[in-house]
Amino acid sequence: MNNRILIFDTKVSGHHMEYVHHLLQKANSSDDEYIFYLPKQFEQVKGEDLNWNYGNNITFYFFDSEKVNKKTSLLTSSYENCRLLKRALKAFEVTHVFLITLIDYIPFLPFIISGNIKVSGIIYQIYLYRWKSASFLLKILDVCKYLILSYSRCIDCVYILNDMVSVRLLNQLYHSKKYTFLVDPYVPLKDKGESLSSLGIKEMNTVYFHFGSLAERKGTLEILEAIKLIKKEYLLMSTFVFAGKISSVIKKDFYRLVREIRCLGFCQVIVLDKFCDYGLIAELCKRSDILLMPYKVVSQSSGVIGYAAQYDTPVLAPAKGLIGKLVKKYQLGYLIDEVTPDNIAEFINKGLHNKKKISTEYLKINTVDNFINMIQF
């Protein structure tokens with residue numbers, strides 16, 4: 001008997017869309033039946049960069065995700081996510097469930113899974129990297145979550161993104177075989193030759209590019225604060241590009257800092273406060289000299305390093321955590337000890353960043369095919 005697999009997610013931003021597409025590719029080459037149960041916004045944001053055609057063994061259903069994506073406590077969010085998942089399980093008789101963000105359904109997940117349904121999903125943020133700095137309460141919560149993941153019978157496989165060492169440690173710590181390595185695939189983008197002329201980037205300038213969902217945890221404001229500390233002679237030859245939706249939490253401070261920088265008159269700052277398609281991101285990565293990713297959350301992988309490897313453009317990233325380990329291991333750029341405006345400005349003031357060659361080793365491992373093949377039902 002073939003499997004009947006439910007692919008379930010409550011978000012359609014960033015990597016969520018990419019991973020849904022990867023799983024669609026897997027479904028298209030499978031004899032199993034797949035049901036994709038996604039937010040109705042999917043149709044609006046999927047775009048035309050990726051091929052969304054699918055076969056007769058695949059069905060899409062959509063729901064209103066407004067309630068589950070409201071800002072609330074992690075416990076309440078988990079409860080609402082599980083309520084929605086339970087509704088889907090009542091509507092479809094499935095043998096497997098795949099959750100693109102597994103931790104969002106803990107601790108309530110085991111209480112809504114009945115029968116022989118097997119659940120698997122992806123873990124992004126690996127608590128082992130924040131153990132030393134975490135509060136006692138956070139440590140207790142992390143351990144409790146992983147006890148649930150390790151010993152709940154319904155949970156079949158826990159995919160740890162982009163960190164083989166943590167897979168071994170977690171299996172040892174929890175006397176388990178559930179934790180499995182999963183690559184973080186880069187998206188091989190076709191060169192569309194999209195013009196950047198409308199942005200007016202000065203031809204001889206060094207370009208620093210910061211993109212994705214721009215938020216406090218991404219170090220976005222630290223970059224802007226750093227610009228005010230950079231020497232005038234470097235600012236006159238620099239362009240900073242910020243591309244992606246700016247979080248409402250930092251939007252007021254973001255635009256205040258941009259105004260302050262522009263008033264100085266030394267530096268070109270370009271802001272694209274919108275969803276940017278792959279073609280534009282690709283061209284900006286190619287044109288850039290540095291991809292800025294001074295992230296404050298370092299316990300998970302990032303798709304930005306895939307762009308660095310693909311376009312031979314180094315990153316500036318924190319030296320700590322999984323991000324620092326990946327950048328160092330695959331020779332993908334430069335590292336700073338702490339994410340502060342002073343450290344970012346100090347790096348730029350050195351003016352040495354146009355000499356580094358980027359390794360392609362990351363591209364050999366982190367492919368979409370490897371991602372698809374590693375996920376098993």
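What joins the side chains of Asp 253 and Arg 256, and at what N to O distance?

Guide: The model is a predicted one, and in it the side chains of Asp 253 and Arg 256 meet in a salt bridge, with 3.6 Å from N to O. Both residues belong to helix H9, which runs over residues 251–264, and they sit three residues apart, about one turn of the helix. An α-helix has 3.6 residues a turn, so residues three or four places apart point the same way. Asp 253 counts as partly exposed because its relative accessibility is 33%, and Arg 256 falls in that class because its value is 32%.

Arg 256 also has a partner in Glu 260, and in this salt bridge the closest N and O atoms are 3.1 Å apart. Glu 260 and Arg 256 are four residues apart in helix H9, so about one helical turn separates them. With a relative accessible area of 30%, Glu 260 is partly exposed.

A salt bridge elsewhere in the model can be set beside these, namely the one between Asp 312 and Lys 357, whose closest N and O atoms are 3.3 Å apart. This pair links distant parts of the chain, for Asp 312 is in the loop between H11 and S12, while Lys 357 is in the loop between helix H13 (341–350) and helix H14 (361–365), 45 residues apart. Asp 312 is partly exposed, at a relative accessible area of 36%, whereas Lys 357, at 62% relative accessibility, counts as exposed. Over the model, the count of salt bridges comes to 18.

The loop that holds Asp 312 lies between H11 and S12, and these two elements lead on to helix H12, since helix H11 (304–311) and strand S12 (315–318) are included in what covers the buried residues of H12, along with strand S6 (155–161) and strand S13 (333–336). Helix H12 itself spans residues 321–329, and its buried residues are Gly 321, Leu 322, Ile 323, Gly 324, Leu 326 and Val 327. After the helix comes Gln 331, whose phi is positive, near 55°.

Tyr 330 is buried, with a relative accessible area of 7%, and Tyr 362 counts as buried at 1% relative accessibility. Another pair, Tyr 334 with Phe 347, is tilted, with its centres 5.1 Å apart and 55° between the planes. Because Tyr 334 lies in strand S13 and Phe 347 in helix H13, the pair ties together parts that are 13 residues apart in sequence. Tyr 334 and Phe 347 are both buried.

Notes:
Residues numbered from 1 in each chain as written. Predicted model: local features only at pLDDT ≥ 70, side-chain atom pairs only at ≥ 80, totals over all residues. Heavy atoms only, no water. Buried < 20%, exposed > 50% of the residue type's maximum accessible area, 1.4 Å probe, protein only. Contact = heavy atoms within 4.5 Å. Salt bridge = Lys/Arg side-chain N within 4 Å of Asp/Glu carboxyl O. Phe/Tyr/Trp six-rings, centres within 6.5 Å; stacked < 30°, edge-to-face > 60°.
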